[in-house]
Amino acid sequence: MKNKSILKNIAYTAIILICAFFLSLAIHKFFNAPGLVPSIFVLAVFLVSLLTQGYFYGLMSAFISVLAVNFAFTFPYFEFNFTIEENAISALILIAVTTLSCALTAKIRHHEALQTEAEKEKMRGNLLRAISHDLRTPLTAIYGSASTIADNYSALSDTDKLTMLTGIKDDAQWLIRMVENLLSITKFDGENVKLIKSSTVLEELVDSALSKFHKRYENIKVDLDIPDEFVTVMADPLLIEQVLINLLENTVQHAKGFTKLSLKVFTLGNKAIFEVKDNGKGIDPEVLKTIFTSFSHSNHFDGKTHSMGIGLSVCATIIKAHGGSISAENLKDGGAVFRFTLDLEEGTYEQQI
Amino acid sequence: MNNRYKILIIEDEANILRFVAALLQAEDYFVITADTAEKGLLMFTSHRPDLVVLDLGLPDHDGTLLLQDIRKTSPVPVMVLSARSEEKDKVEALDMGANDYVTKPFGSREFVARVRSILRFNRHCAEEGKLGGKFTAGEMTIDYDARKFYIQDNEIKLTQTEFNIMALLSEHFGKVLTYSAISKEIWGYFDSGSTKKLQVNMANIRKKLSLKPGENKFIFNELGVGYRMHTDV
């Protein structure tokens, strides 16, 4: 990474200076307008300062330019001469221009960095707001129900108590999933993605995700279609499991009226493609635009189901960190499909027993 | 009443201790409790419980130290409770001799099922001894002497390695065995290729047993950690 940027800086500097040199040579030869030459080099030095990092390359090219102008384009030609006052002054001007433009560029870069930091801060703020909001509803219900039962234990009928307790249980389970999602996000703190990819057996990944899903939704059947062969993907298994559970759960919570839910995985080239498909009401086109980026897009109007809140944006974060892609679309004959890709493990494994 | 299983719970969070104790008492287990590692060890040596439920985050010592202390003198099943859900934490505790690793938060039904599963495994070992005679759990029967494997009286043809893996898992019924623990038992070593070799064998076993992903039958796969044989979790 560092070597790459150094090479890039050197390449920019060299290309710009060579261009300036030949342009000056041409002007000098065909137009005989030596007054233009220094301005061309000023422009070149300015460009170098703009395109490279730090002061070094700018000052370097200023120095080279001074020598080049002095050597090739000012009297006496093809000879160094700093005794003529004019030449010395033009050299000083070049260096001044370089220093100033480098300082300016650095300032602009600093400003940009601050701005992205501020944007990140804003996003973090939005996320926190969305989360706090989403946490408050189930917490209120849990606190309310629990204190009602504790304070009026003998006055309440068994059925009432059981109903409230079941509500507490459901809300607590929802909170647990929320926290699981939050924990997943903390693995991606800023740009340092702490992702440990390991070779993961597709069948085991799907098995684990479905087992957990069925524990929560006993009565929902998932039609499964995965390759018969032994397929392994490079991934953090627990995070991808979370993505699968979130997508399946998102369908249960939001695809109103669905009767079929399917999970299909197939391989294409060096990718594994995962598809979660349903035949429900589809996704509102307005919601679809920002489905993976907005934190809270579900309607709370029915008051029954909680939003997935951050669930889908967690999916997107995880898949992007894996270098895969994720998308959602509505199907022509109703319903929606969520699709994401992962890299297959390189090299086929010789079966040995 | 004397042959009720005795379970020692070592947990410092009063709320969690209370609900786990109540849950196990409701299942008719005899429950004793401790809220520090020191008290836990004392209770353990004086009461000799049939199962220890151990929280890893105790105020006085790290729970893993207590686990090591217990393992020095006793093969009693230990079920670890922990708020840490990373694979490496699980592998560490399991390789240190824990029989099961339950991540907080956990559901009551799942917890009870796993307690039952562990206690059953222990009985199996106590009664049947090591790898002799027959092992039966649900629809599954393993004939160790004839080296045959049955599902509902139908023999399933397994290769030598596949049979060895199933026998090993059954010997530790209800316990998660890590990839490295299984590889060391089956092949005598554990290196970078072992996990993959084991996973390929497990894939073949699942195919022969016609297990569908998500069914969670016979073999539970703990992603990134290992496998556990079970019937009812």
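## Basis of the model

This is a predicted model, in which local features need pLDDT of at least 70 and side-chain atom pairs count only at pLDDT 80 or more, while totals for chains, interfaces and linings use all residues. Residues are numbered from 1 along each chain as its sequence is written, and chains are lettered from A and ligands numbered from 1 in the order in which they are written.

## Where chain B touches chain A

In chain B, 16 residues are in contact with 24 residues of chain A, contact being C-beta atoms, placed from the backbone, that lie within 7 Å. Helix α8 (residues 194-208) of chain B gives the most to this side of chain B, with six residues; helices (H or I, at least four residues) and strands (E, at least two) are DSSP runs, numbered from the N terminus.

Four of the five residues of strand β1 (residues 6-10) of chain B are buried, so the strand is largely enclosed by the rest of the structure; buried requires 20 or more other C-beta atoms, placed from the backbone, within 10 Å of the residue's own. Strands pair if DSSP finds at least two bridges between them, and β1(B) pairs in the parallel sense with strand β2 (residues 30-34) of chain B over five bridges, with Lys6(B) opposite Phe30(B).

Four bridges also join β1(B) to strand β3 (residues 51-55) of chain B, again running parallel, and here Ile9(B) has Val53(B) as its bridge partner.

## An antiparallel sheet

Three strands of chain B form an open sheet in the order β10-β12-β11, with antiparallel pairing. Because β10 (177-178) and β11 (219-222) of chain B stand at the edges, each with a single partner strand, one side of each is left without a neighbour in the sheet.

Technical notes. Two residues are in contact if their C-beta atoms, placed from the backbone, lie within 7 Å. A residue is buried if 20 or more other C-beta atoms lie within 10 Å of its own, exposed if 12 or fewer, and partly exposed in between; C-beta atoms are placed from the backbone.
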